[in-house]
Protein chains: 2
Amino acid sequence: MSETKTYPEIKRGASLLLAWRLEGKRVLLIGGGVVAASRLGFLLESGAHVTLVSPAPLEPSIAHRVATEPEHLTWHERGYGNPDAATPEEMAADKELPVGDFDMVLTAVDDVQLSQAVCTAARTARTPVNVADVPPECDFYFGAQVRRGPLQVMVSTSGAGPKVAVIVRDTVANAIPADVEDAIAGVGALRTELRQRAPGVGGALSKRRMRWMIDTCDAWRLDQMGAMKDPEVRRQLLDDGWEQHKVLRPGDVGAAPGGVKALVGDVVRAAPAWLPTLAAFVAGAAVGVAWVDRVRR
Amino acid sequence: MSETKTYPEIKRGASLLLAWRLEGKRVLLIGGGVVAASRLGFLLESGAHVTLVSPAPLEPSIAHRVATEPEHLTWHERGYGNPDAATPEEMAADKELPVGDFDMVLTAVDDVQLSQAVCTAARTARTPVNVADVPPECDFYFGAQVRRGPLQVMVSTSGAGPKVAVIVRDTVANAIPADVEDAIAGVGALRTELRQRAPGVGGALSKRRMRWMIDTCDAWRLDQMGAMKDPEVRRQLLDDGWEQHKVLRPGDVGAAPGGVKALVGDVVRAAPAWLPTLAAFVAGAAVGVAWVDRVRR
């Protein structure tokens, strides 16, 4: 059993971090305050159709979205459910907008009883639910997020608190390379074109396609991948690379992506951190010598 | 309508990044290869009970988990569903393990027909489903992830490809501050103790609690927050801070968290980036003058 040592121990206590697809899905958002506003931004960016239930007044950014996003956001100006109901089941039983009609339910209201009733109804209907500020009533949490075009990064601290997540998020955001959007756009275009050329899922072709994409990406630096946005570069990669069972490097492609800029980038990147300090010392020494020379002359 | 300018435009095309809670939930994992192995690691860390369906042989790390995690992982050594069925519905109709019995379903098999049949069955049963390598058949995707104890970071590239996500993930992982685990543990402990002292959800108390946690975190640097792991520090923060409607800084707390190290950290952090270069220039000038002086003397 000596090989058991090669597998890391399972450290429980994590959540499963996911990218949920909401394009064209229906989401129920109950509440119209600041917490609902932050949820709404994420939901609209994901392409969901949001049904918002809240009495007026709405938080200003929500009111703005209601006015400007009529195709993606429908506002029902009222409370959710039946406030006079005798049981929690009846409280969350909204005849016009039952939770079971939605692909996801979010509540962001101060009414704890209503929140819990909605949660129970959602669980019964098997609709994923998030109840703001009530962790045990959530199938999922939100984390602090960064978005740069197609790149999304989420930071989760397992409930230690949003502030620490935001600090880490800001540190992480600063570390994201500047060329990443271009790189993702380039590789994404190449991947899409490859799938058109060699369609189908599963089996040997799928495996070869995945392997070729990984090998090609391994042969290109992040700051070079943006060149793949050029259709001619992609044509060469697919004709002379994929079709010939070869992996082409940036130098093999006529467009010479990156070019001089990439070359200079290489040198600058390769320079050790103490180089400016050494250069300054040498410059200082030279100026010192020159100055003495001039004074003594 | 001039205030409309204050709200950023909605940029669609994102996914909704979520932390899904699987503690105590039941997950069906179909497949026993390398893709299934990567899913299994995430699932076990999240505390789910995994039902694995796959003929032998299993990928070695999966075989290892089957042997060492009997309480969290049950292996059914067979294929899923009815391969001889006439319709897709029948193909995915596994009498012993119907998808509707699970809180989440993942398939990672080369059999595209079976994958699609399972996806359809999961959608009917309203069970969230991920079909490896078939994006349109997924309610959610996985991203490249980093975990440091309670901190989890996910990188998603909206399907541009796993390789770019891994490059960004590695860059991001290097940028995560070393003290972050301690900071999360400290703030998490403080938050838990505050909730015990001032329980309840929703309403004014909940708002005050959230505000006080944010203000306190704002007054502490990340590398100082680890001191909150000390019960005496937490007691002072809660007795002299929360109870007195005050926000205490590290210096206000007897344990003087961070101490000299934090002070030196302050100075070093405050030094501008060009300072070493300037110092080197001055040193170089001094050496240059001294050298000329010595030679000429």
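Thr216(B) lies in helix α7 (residues 203-219) of chain B; helices (H or I, at least four residues) and strands (E, at least two) are DSSP runs, numbered from the N terminus. This is a predicted model, in which local features need pLDDT of at least 70, side-chain atom pairs count only at pLDDT 80 or more, and totals for chains, interfaces and linings use all residues. Residues are numbered from 1 along each chain as its sequence is written, and side-chain values use heavy atoms, leaving out hydrogens and water.

Let us compare where two residues sit.

Contact means heavy atoms within 4.5 Å. Leaving aside neighbours within four places in sequence, Thr216(B) is in contact with Leu190(B), Met228(B), Leu237(B) and Val247(B). With residues up to four places away again not counted, Leu29(B) touches several residues, including Ala36(B), Leu40(B), Val50(B) and Leu106(B). The C-alpha atoms of Leu29(B) and Val50(B) are separated by 6.8 Å, although the two are 21 residues apart along the chain.

Now for the helix pair. Ala36(B), Ala37(B), Leu40(B) and Leu44(B) in α1(B) meet Ser61(B), Ile62(B) and Arg65(B) in α2(B). By class, this contact has five nonpolar, one polar and one charged residues; Ala, Val, Leu, Ile, Met, Phe, Trp, Tyr, Cys and Pro count as nonpolar, Asp, Glu, Lys and Arg as charged, and the others, Gly among them, as polar.

Methods
Chains lettered and ligands numbered in written order.
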